[in-house]
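The sequence and the structure come first.

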Amino acid sequence: MAYKLLHLADLHLDTPMGWIKDDGKRGIRRSEQRETLKKLLSLAEEKKVDAVLIAGDLFEQTNFRLDTLNFLRETFG
């Protein structure tokens, strides 16, 4: 029996992104990361994958924010 998997890795949600000096641009990048995850999960539904494998770091543990928790709950819900 064959299984379809969607594999993604190292999203690092809530990484400080200190290399981006502009707060607004940092916020845009965070939004882009979240949108990418949503698009990948939509792709998983569209392709009827059996499982989504997230390897590496989904988020930055030391910088994890409450709104990220809420985003993940909503997105994976």
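Met-17 sits in the loop that runs between strand 1 and helix 1. The model is a predicted one, and in it the phi of Met-17 is near 50°, a positive value in a residue other than glycine. Most residues other than glycine have a negative phi. Met-17 has a relative accessible area of 2%, and because the cut-off for buried is under 20%, Met-17 counts as buried.

A positive phi is also found at Lys-48, which is not a glycine either; the value there is about 55°. Lys-48 belongs to the loop between helix 1 and strand 2. Is Lys-48 buried or exposed? Its relative accessible area is 65%, and the cut-off for exposed is over 50%, so Lys-48 is classed as exposed.

## The β-α-β unit

Strand 1, helix 1 and strand 2 together make a β-α-β unit, and the unit is right-handed. Strand 1 covers residues 5-9, helix 1 covers residues 23-46, and strand 2 covers residues 51-55. The two strands pair with each other in the parallel sense, over five bridges. His-7 has Leu-53 of strand 2 as its bridge partner.

Side chains alternate along strand 1.

## A nonpolar surface patch

Which residues form a nonpolar patch on the surface? They are Met-1, Tyr-3 and Leu-5, with about 470 Å² of accessible area together.

Tyr-3 is located in the segment before strand 1. With a relative accessible area of 58%, Tyr-3 is exposed.

Side chains of opposite charge can pair when their charged atoms come close. One of the bridges joins Glu-32 and Arg-29, at 3.6 Å from N to O. Why are Glu-32 and Arg-29 separated by about one helical turn? Both are in helix 1 and they are three residues apart, so about one turn of the helix lies between them. Glu-32 is partly exposed at 40% relative accessibility, and Arg-29 is partly exposed at 35%.

Another bridge joins Lys-38 to Glu-35, where the closest N and O atoms are 3.5 Å apart. These residues are likewise placed in helix 1, three residues apart, which is about one turn of the helix. Lys-38 has a relative accessibility of 32% and is partly exposed; Glu-35, at 39%, is partly exposed.

## A salt-bridge network

Asp-67 and Arg-65 form a salt bridge with their closest N and O atoms 3.1 Å apart. Asp-67 is partly exposed, at 32% relative accessibility, and Arg-65 is partly exposed, at 35%.

Which residues are linked in a network of salt bridges? The network consists of Asp-14, Arg-34, Arg-65 and Asp-67. The Asp-67 to Arg-65 bridge described above therefore joins two members of this network, given that a salt bridge needs a side-chain nitrogen within 4 Å of a carboxyl oxygen.

## The aromatic pair

How many aromatic pairs does the model contain? The count comes to one aromatic pair. Its members are Phe-59 and Phe-64, whose ring centres are 4.2 Å apart and whose planes meet at 45°. Planes under 30 degrees apart would count as stacked and planes over 60 as edge-to-face, so the pair formed by Phe-59 and Phe-64 is tilted.

Phe-59 is partly exposed at 31% relative accessibility. Phe-64 is also partly exposed, at 31%.

Gly-24 is a residue of helix 1. Gly-24 is partly exposed, with a relative accessible area of 40%.

How far apart are Gly-24 and Phe-59 in sequence and in space? The separation is 35 residues in sequence and 20 Å in space, taken from C-alpha to C-alpha.

Definitions and conventions: Residues numbered from 1 in each chain as written. Predicted model: local features only at pLDDT ≥ 70, side-chain atom pairs only at ≥ 80, totals over all residues. Heavy atoms only, no water. Helix = DSSP H or I, 4+ residues; strand = E, 2+ residues; numbered from the N terminus. Buried < 20%, exposed > 50% of the residue type's maximum accessible area, 1.4 Å probe, protein only. Phe/Tyr/Trp six-rings, centres within 6.5 Å; stacked < 30°, edge-to-face > 60°. Pairing = 2+ DSSP bridges. Right-handed = clockwise from strand over helix to strand, strands pointing away. Patch = residues over 30% accessible without salt bridge, like charges linked within 9 Å, V, L, I, M, F, W, Y side chains within 5 Å. Areas by Shrake-Rupley, 256 points an atom, 1.4 Å probe, with all protein chains shown as cover.
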